[in-house]
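The exercises that follow are meant to be worked through with the sequence and the coordinates side by side. Each one sets a task and then gives a solution in steps.

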Amino acid sequence: MGRSRWHVIEDEDGALTVTRRLPVRFDLAVETILEGTTGRRRLAHLVRQDLWRSLQLLRGFAPAVQVCRDGAVMQVRAGGAVAGRFDRAACEALIACVLEDAANRARWMARL
């Protein structure tokens, strides 16, 4: 099995960021709160996968997801870097759809 090409960064403030490119850039981003707690790394990778599926046709897109546990909730910031021109409002609307989809949210927070 190959080595992961994803950078996982744990900040001193407790945030965990998963990104393909360094330095981390959020040219576009949407935030949400998920009720309950789960593993930050697992959650970040699941959100990143669904984010990529929705925006993979966006030329130059490199997803980044930041997750922070705050008591009994998970704060998620999803987006990433884009090399080139893009319609920010349309892209952030797509990200919001991914983040607010009830089936996604249930799958992300499911205990394994």
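## Exercise 1: The sheet and its pairings

Val18 has Val65 as its bridge partner in strand 4, and the model in which this pair is found is a predicted one.

Solution. Begin with strand 2 (residues 16-19), which is joined to strand 4 by four bridges, the two strands running antiparallel. Continue from strand 4 to strand 5, where the pairing is again in the antiparallel sense and extends over 10 bridges; within it, Cys68 has Gln75 of strand 5 as its bridge partner. The hairpin of strand 4 and strand 5 has two residues between the strands, and Gly71 takes a positive phi near 65° there. Next, strand 5 (residues 73-82) is joined to strand 3 by eight bridges, with the two strands antiparallel; Ala29 is partnered by Gly79 of strand 5, and Glu35 stands opposite Val73 in strand 5.

## Exercise 2: Covered and enclosed strands

Task: determine which residues of strand 3 make up its covered face and which its uncovered one, and explain why strand 4 is described as largely enclosed.

Solution. In a regular strand, side chains alternate between the two faces of the sheet. For strand 3 (residues 28-35), the covered face consists of Leu28, Val30, Thr32 and Leu34, whereas Ala29, Glu31, Ile33 and Glu35 form the uncovered one. Turning to strand 4 (residues 61-70), seven of its 10 residues are buried, so this strand is largely enclosed by the rest of the structure.

## Exercise 3: A residue of helix 1 and a pair of helices

Task: decide whether Leu43 is buried or exposed, and describe how helix 2 and helix 3 pack.

Solution. Leu43 belongs to helix 1 (residues 40-55), and its relative accessible area of 0% makes Leu43 buried, because the limit for that class is under 20%. Leaving aside residues up to four places away in sequence, Leu43 touches Leu34, Thr38, Val67, Met74, Val76, Trp108 and Met109.

Helix 2 (residues 88-100) and helix 3 (residues 102-109) pack at an angle of about 55°, their axes being 5 Å apart, which means that helix 2 is oblique to helix 3. Val98, Leu99 and Glu100 of helix 2 make the contact with Ala102, Asn104, Arg105 and Trp108 of helix 3, and these residues divide into four nonpolar, one polar and two charged.

## Exercise 4: The cysteines

Solution. A disulfide is a covalent bond between the sulfur atoms of two cysteines. As for accessibility, Cys97 is exposed, with a relative accessible area of 56%, whereas Cys68 is buried, at 18%.

Terms used: Residues numbered from 1 in each chain as written. Predicted model: local features only at pLDDT ≥ 70, side-chain atom pairs only at ≥ 80, totals over all residues. Heavy atoms only, no water. Buried < 20%, exposed > 50% of the residue type's maximum accessible area, 1.4 Å probe, protein only. Axes fitted to C-alpha atoms, helices over the stretch in contact; angles between N-to-C directions. Parallel < 35°, antiparallel > 145°, perpendicular 65-115°, else oblique. Contact = heavy atoms within 4.5 Å. Nonpolar A, V, L, I, M, F, W, Y, C, P; charged D, E, K, R; others polar. Pairing = 2+ DSSP bridges.
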